[in-house]
Amino acid sequence: MPAKQDEVFDVVVVGSGSAAFATALGAIDEGLSVVMVESTDQWGGNSAMSGGGMWLPNNPLMKRDRAGDSREEAIEYMEQTIGKPGPASSRERIEAYVDGIEDFVRTAENHGMSFMRGKDYPDYYPELPGGKIGRSIEATNFDLKKNGTWSDTQRNAMPLPIRTDDVWLLGRSWSTPAGFVRGAEFVFRTLGGLVTGKKLTGIGGALMAHFAQAVLIKGRVPLYLNTPAVGLEVEGERVVGVRVKDSAGERVLRARKGVMLGAGGFESNQEWRQKYQNVKGYTSGAPGNVGQPIELAMELGAAIDYMEDAWWGGSLAPYSAEADPSFLVGERALPYSMIVDAQGKRFANEAESYVDLGHHMLDHDRGGDYWFLTAGPYNKRYFRTFSIMPGVVKGMEENGLLHKAKTIDELARKINVNPGNLRATVERFNGFARTGIDQDFGRGNSAYDRYYGDPTVRPNSSLGVFEKGPYTAYKLVAGDLGTKGGVMTDTVSRVLREDGTIIEGLYAAGNTTASVMGHTYPGPGSTIGPAAVFGMLAARHMAKN
């Protein structure tokens, strides 16, 4: 029995993260009618749970600040970092991304969204040709009360007005004057919001709240929660709608112009994680990301790529089946810390970009044991973001995932590592800390490494000697911020078949697609930036279609 066809729109958007909202925003800007569907009871996807940054080289905010950048440098840098390109990271796709940035930012601003630059945040390989500092932008803090009841269903809408550039300074709020000042500023910013009756949010929460204000409230776009897409409607060889299911049953949302699949990757699908990546997933992504949109596209012959990859990183191991892993970013770059394997040996630059560290963990020993070690000064001087999460430290300690010891040998025995190996590793590391040069892995050589370091520690702000206890070991696993493989798309986000032909009427963006960034991560916000830009490009193309 055919599903009831009861609603018709120009554009149907599957998902509710940045790719989905940017598509809807572009459609509104073109005067098109739009509907959005979300499979879970909360909207915002991975974007709402993220740091909210968007890596957008040569963007309008940089131009206003006269911060030097150019189209040519952006393309050169991407090609340098990506290396040998796959079809998803072709020169044409890179150019489309870079050239689409200005339109996305200006359109978002025209619809009331407000951004600010991360002026101090480096690209992840700033020393490479074309590398820069300050290419990332994020949304300004947002009062959730402006969005009314939509705020009640926004994923991870924490009422904290934190900003990206708070994070690196808050980490050393007890050890440096700049960190202390920023800590105080953050406290007063939070209190100021409370005193004035606001419910301020920041980073990813702010980005999605801005999107909601522009799309759901001002644009009056309907968003159906608890409404998963269960099929694509096809007439001839063209996708003309989406079959969805809710508490009332199945129905079809027809699309005159196009269907956008912008509903994330498959990080919460353990069967696919084993099939494509051969790992037990420790994801910090949204629970609704199980790959359904990718599967629907594959049923129509869509090509896929990069399914073996993810936006990897080191995460503190979850202390229970219900607990989430704690993704580490700046904590790894602070002095008086290191990461060792099951043999008690270092294997990578702990301060490198999280994707690189994740790749190194998997390449070195897929599924092996890793430990994040800290010395006494680290525990006294630095604020650890994971320590404020309810139950994390206590839960890890109770479940043998966190150990404390007065000596290195005692710590080695507690984490079942050869004491001689760990002692030798620490002695060699201490030599590097004293000279300022990590001769094994180059920690602290890059401006990115030093961004999260402690400038009061010399001669290398990212290295500190292990000579004062107590020492702490946290169990580390290869976590991720989401998968980065999916369907292949062209320069305007149309989904492609294996033979390179276009599936008419079907578009995709964000983690539902194979990433334009290839296997790497050029800078902060390299997930959300392309998601938003390719979502906007799709809307522009739909309008002309």
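Helices (H or I, at least four residues) and strands (E, at least two) are DSSP runs, numbered from the N terminus. With that settled, here are my notes.

**Ground rules.** I am reading a predicted model, where local features need pLDDT of at least 70 and side-chain atom pairs count only at pLDDT 80 or more, while totals for chains, interfaces and linings use all residues. I number residues from 1 along each chain as its sequence is written, and side-chain values use heavy atoms, with hydrogens and water left out.

**Second largest pocket.** I looked up who lines it. A pocket is, on a 1 Å grid over the protein atoms alone, an open set of points where a 1.4 Å probe fits, with protein on both sides within 12 Å along at least five of seven lines; lining residues have an atom within 4 Å of a point. β19 gives the most to this lining, with four residues, and α11 (354-365) also supplies at least two. The lining has 19 residues, and Y282, G367, G368, V477 and A478 lie nearest the centre.

**Helix α11.** I checked its length next. The expected span is 1.5 Å times one less than the number of residues. For the 12 residues of α11 that should be 16 Å, and the end C-alpha atoms are 16 Å apart, which agrees. After α11 comes G367, with a positive phi near 90°.

**Helix α17.** This helix, residues 528-544, reaches 25 Å from first C-alpha to last, close to the 24 Å expected. I found 14 of its 17 residues buried, so α17 is largely enclosed by the rest of the structure.

**Loop between α16 and β19.** I noted two cis peptide bonds. One joins R458 and P459, with omega about 10°, and P459 sits in this loop. The other runs from G469 to P470, with omega near 0°; P470 is in the loop between α16 and β19 as well.

Y336 has phi near 65° and is found in the loop between β15 and β16. Is Y336 buried or exposed? At 14% relative accessibility, Y336 counts as buried. S493 has phi near 75°, and its place is the loop between β20 (486-487) and β21 (494-496). S493 is buried too, with a relative accessible area of 0%.

Terms used
Buried means under 20% relative accessible area, exposed over 50%, partly exposed in between (1.4 Å probe, protein chains only).
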